[in-house]
Structure formats: C-alpha cells, structure tokens
Amino acid sequence: MNDYTLLIPVLAMVLLTAIVARAMYARRVDEIKSRRIDPQSLAAARDMAGKLENTSAADNYRNLFEAPVLFYVAMLAGVAMHAATVWLLALAWIYVVLRCVHSYIHCTYNNVMHRFAVFGMSMFVLVVIWGVLAWRIIGLARQ
C-alpha cells in the first residue's frame, strides 16, 4: 500500500472544514443582513456570542481545529514512518465519516446527546489510530 493514501482522508477533512466554513459564512452574512447588525459590533468572539442567534456552524468550525489536529498529525506521522496499512486507512476513513456526521448534527438539528455520542466514537477511533502509531513508533525506537 502506498503511504500517501493516508493523505486522502486528510484531504476529506480539509474539504469538510471548507464546507463548514462556507456554511458559517453564509449563515453569518444572512443574519447580519436580516437583523441589520453592524459588522464592527461583532469584532470579538464574545460580541458575536451575545449578538448572533445561530452560531452552530461557527461552533463546529472551531471544533474542526481541536481534536482533528491530532488526526492530521497522526496521518502525517503515518506517512513519515511508512506505516500505511489497510487497517490504518480504514480507521482514518471511519474517523472522517464520524466527523462528518458530527458536523452534520452540529450544523443542523444540534442534538447535544447525538453529537456527544458521535464525538465519543470519533475520539475512540482517534485513540486507536494513535495506539497503532505508538506501537509502530516503539518498535522503530527499539531497532
């Protein structure tokens, strides 16, 4: 298996981030126009939280720069260590799918318990990914 296949799920996460960014932008502009909010009054995050009603896409966008950062690092480490396997690639895609579901829930009906369940599953998969890589790192370090 080509190690660079691990970067395809990374590209999918980047695409998800771009889609959520687009949704955030569209919702924010629509709300600013419809409620006639002065854009300068939203200069700080605390100002936005107090004035905007629909922040789910913005909240999700921020989430995509939290735990997924560990996913990005894991995939880059996998490429660097030539650790690509069918199992690691499958775990990467499972993680991406779970993050897509998480974003869908967050940006649409936003049921906290549903979102939390999917988040928990994605974190479990991320821990397994890092467990696989840790096993490989320890093996390489012993050589």
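Let's start with charge: the protein chain carries 13 positive and 8 negative side chains, and the centres of those two sets sit 4 Å apart. Please keep in mind, everyone, that what we have on screen is a predicted model.

Now the fold. What pattern does the protein chain follow along the sequence? Reading along, you get α-α-α-α-α-α. The protein chain has a radius of gyration of 18 Å, whereas the globule rule gives 15 Å for 143 residues, so the chain is more spread out than a compact globule. In total there are 6 helices and 0 strands. If you are thinking about a box, the C-alpha atoms fill roughly 65 × 30 × 25 Å along the principal axes.

On to contacts. Take the pairs in the protein chain that are at least 6 apart in sequence: 77% of those contacts join residues at least 24 apart. As for burial, 37% of the 143 residues in the protein chain are buried.

That takes us inside. As a general reminder, nonpolar side chains in soluble globular proteins tend to be buried together. In our model, the largest nonpolar core has 32 residues. Which of them touch the most other members? They are Leu6, Met13, Phe71, Met75, Tyr95, Ile129 and Leu133. The elements giving two or more residues to this core are helix H1 (7–34), helix H3 (56–63), helix H4 (68–80), helix H5 (86–107) and helix H6 (112–142). H5 supplies the largest share, with 9 residues.

There is also a second, separate core, made of 5 residues, and among them are Ile32, Leu42, Met48 and Leu52.

Let me zoom in on two residues. Back in the largest core, Leu6 is one of the residues with the most partners there. Setting aside neighbours within four places in sequence, Leu6 is in contact with Met75, Gly78, Val79, Ala84, Leu88 and Leu89.

The other residue is Thr17, which is found in helix H1. Is Thr17 buried or exposed? Thr17 has a relative accessible area of 10%, and buried means under 20%, so Thr17 counts as buried. And who are the neighbours? Not counting residues up to four places away in sequence, Thr17 touches Tyr61, Leu64, Phe65 and Tyr72.

Methods:
Residues are numbered from 1 along each chain as its sequence is written. This is a predicted model: local features need pLDDT of at least 70, side-chain atom pairs count only at pLDDT 80 or more; totals for chains, interfaces and linings use all residues. Side-chain values use heavy atoms; hydrogens and water are left out. Helices (H or I, at least four residues) and strands (E, at least two) are DSSP runs, numbered from the N terminus. The radius of gyration is taken over C-alpha atoms; the globule rule is 2.2 Å times the number of residues to the power 0.38. Buried means under 20% relative accessible area, exposed over 50%, partly exposed in between (1.4 Å probe, protein chains only). Contact means heavy atoms within 4.5 Å. Lys and Arg count as positive and Asp and Glu as negative; His and the chain ends are not counted. The place of a charge is taken as NZ of Lys, CZ of Arg, CG of Asp or CD of Glu. A nonpolar core is a set of buried Ala, Val, Leu, Ile, Met, Phe, Trp, Tyr and Cys residues joined through side-chain atoms within 4.5 Å.
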